[in-house]
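Please consult the sequence and the structure alongside the text.

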Amino acid sequence: MRIPAITLTLLFAAGCSADTDPTPAPAPEPAAATPATPSPDRAATPADIPAPPDADDPTTGVPVRFQGDYAANAAACTTAGHVSHLSVTATRIEFHESSGDITSAEAAGNDIEITARVTGEGETRDVGYSFALSDDGGTLTDTVNGMARVRCGDEASPVAAQ
């Protein structure tokens, strides 16, 4: 009977010593921070809505006064596919055999610098263009190679019409 009594004493001592273990329990981890979410009952304010691009900001596209269809002369304007054809919109530039999206446009007075990602003849490349618009808005001149193009169509001179 001594053996069971000793075994019971050892088991009891082991059980008691577990409760008095000097090692502290690990602290719980802090809760992860959650981003603030707007209240569903709060209406959007003007500060929450992004402003539309400024039409006069040269970084948002080609200003209206430069936009249009151009060609070497009036006869070229009426000839489909003429080699001097140039079309400029707020976001695209198109030549006879190449075209692309405008990636930047910076206007100062009647001068404009355009950078576009142009595809033509099986290649895509970034190209820079420099143009000067005549005071009456009827002629767009490439300031690098000197080629002047007249504005085609009914919008012959939007500057003069203002």
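The model is predicted: local features need pLDDT of at least 70, side-chain atom pairs count only at pLDDT 80 or more, and totals for chains, interfaces and linings use all residues. Residues are numbered from 1 along each chain as its sequence is written, and side-chain values use heavy atoms, with hydrogens and water left out.

## Salt bridges

A salt bridge is taken here as a side-chain nitrogen of Lys or Arg within 4 Å of a carboxyl oxygen of Asp or Glu. Three salt bridges are counted under this rule.

| Glu-94 | Arg-92 | 3.6 Å |

A network of salt bridges links Arg-92, Glu-94 and Asp-101.

Accessibility is classed by relative accessible area: buried is under 20%, exposed is over 50%, and partly exposed lies in between (1.4 Å probe, protein chains only). Arg-92 has a relative accessible area of 28% and is therefore partly exposed.

Helices (H or I, at least four residues) and strands (E, at least two) are DSSP runs numbered from the N terminus; two strands pair if DSSP finds at least two bridges between them. Strand β5 covers residues 111–120 and strand β6 covers residues 123–133, and the two pair in the antiparallel sense over ten bridges. Glu-113 has Ser-130 of β6 as its bridge partner. The hairpin of β5 and β6 has two residues between the strands, and Glu-121 in this hairpin takes a positive phi near 55 degrees.

Strand β6 also pairs with strand β7 (residues 139–142), in the antiparallel sense and over three bridges. Here Ala-132 stands opposite Thr-141 in β7. The hairpin formed by β6 and β7 has five residues between the strands, and Gly-137 in the turn has a positive phi of about 75 degrees.

When side chains are inspected along these strands, one general point applies. In a regular strand, side chains alternate between the two faces of the sheet.
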